[in-house]
Amino acid sequence: MRAADEASYRDFVTARRRALLRTAFLMTGDWHAAEDLVQEALTKLYVAWRRVYRGDDMMAYARRVLVNAHIDGTRRPWRREQSVDVVPDRAATDQADSGDPYTRERLLAALAFVPPRQRATLVLRFWEDLGVEQVADLMNCSSGNVKSQTARGLDRLRDVLGSGAFAESKEA
């Protein structure tokens with residue numbers, strides 16, 4: 001590709017990548033999948049850039065490539081997610097699987113309803129198993145704030161999952 005074409009492609013990507021990413025997120029529902037989709041679309045756009053650059057509406061073409069890449073990706077059976085009984089990278093003694101195979105999925109879905117700061121506190125405290133002082137240091141706040149954010153986050157999870165879900169997890 002010529003330097004002038006390369007510069008015009010770079011300018012287009014700089015100006016329009018975020019818009020394409022938002023569109024991809026709305027199609028996939030997942031930021032990681034959206035990033036992959038945009039990368040695939042931009043790669044295809046790069047290959048056709050000399051032809052596309054001469055056209056009138058480059059963004060329309062980019063959107064079309066994005067949509068086609070998404071549709072193609074959903075048709076490929078090797079890219080589809082497959083559920084498994086045991087996740088390979090998790091220890092067999094993990095407490096998150098305590099009898100109910102859907103506990104982890106329910107908990108992850110419920111975490112989406114917890115405000116971001118409370119969610120971060122819960123993840124650091126219980127998933128990463130960090131102490132109150134460690135979390136306070138990471139989040140640049142007081143230990144009292146960590147305790148209140150943890151309590152509020154657990155209350156929100158109880159509201160979403162039901163009051164009996166975390167009876168044994170009450171913070172002191």
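Axes here are lines fitted to C-alpha atoms, for helices over the stretch in contact, and angles run from 0 to 180 degrees between N-to-C directions. Helices are DSSP runs (H or I, at least four residues), numbered from the N terminus. I noted the crossing of H1 and H2 as right-handed; that means the near helix is turned clockwise from the far one by less than a right angle.

I listed the contact (heavy atoms within 4.5 Å) next. H1 brings residues including Tyr 9, Phe 12, Arg 17, Leu 20 and Phe 25, and H2 brings residues including Trp 31, Glu 35, Leu 37, Leu 42 and Tyr 46. By class I read 16 nonpolar, two polar and three charged residues in the contact of H1 with H2. Ala, Val, Leu, Ile, Met, Phe, Trp, Tyr, Cys and Pro count as nonpolar, Asp, Glu, Lys and Arg as charged, and the others, Gly among them, as polar.

Then I searched for salt bridges (a side-chain nitrogen of Lys or Arg within 4 Å of a carboxyl oxygen of Asp or Glu). The whole structure has three. One of them joins Glu 35 and Arg 17, with the closest N and O atoms 2.6 Å apart. Glu 35 is in H2 and Arg 17 in H1, so the pair ties together parts 18 residues apart in sequence.

I turned to H8 (residues 143–161). H6 (residues 116–127) packs on H8 at about 100 degrees, with the axes 8 Å apart. The two are therefore roughly perpendicular, a label for angles of 65 to 115 degrees. Among the residues that meet are Arg 117, Leu 122 and Phe 126 in H6, and Val 146, Arg 152 and Leu 157 in H8. I counted five nonpolar, six polar and four charged there.

H5 (residues 103–111) also packs on H8, at about 115 degrees and with axes 10 Å apart. That crossing is right-handed. Arg 106, Leu 107, Ala 110 and Leu 111 of H5 touch Leu 157, Val 160 and Leu 161 of H8. I logged six nonpolar, no polar and one charged.

Last, I checked pLDDT, the predictor's confidence in each residue, from 0 to 100. The chain mean is 79, and 78% of residues reach 70 or more. H2 (residues 31–47) is highest at 92, and H5 lowest at a mean of 79. Residues 90–97 stay under 50. Where pLDDT is low, the predicted coordinates should not be read in detail.

Bookkeeping: residues are numbered from 1 along each chain as its sequence is written. Local features need pLDDT of at least 70, side-chain atom pairs count only at 80 or more, totals for chains, interfaces and linings use all residues, and side-chain values use heavy atoms, with hydrogens and water left out.

Methods:
Angles under 35 degrees count as roughly parallel, over 145 as roughly antiparallel, 65 to 115 as roughly perpendicular and the rest as oblique.
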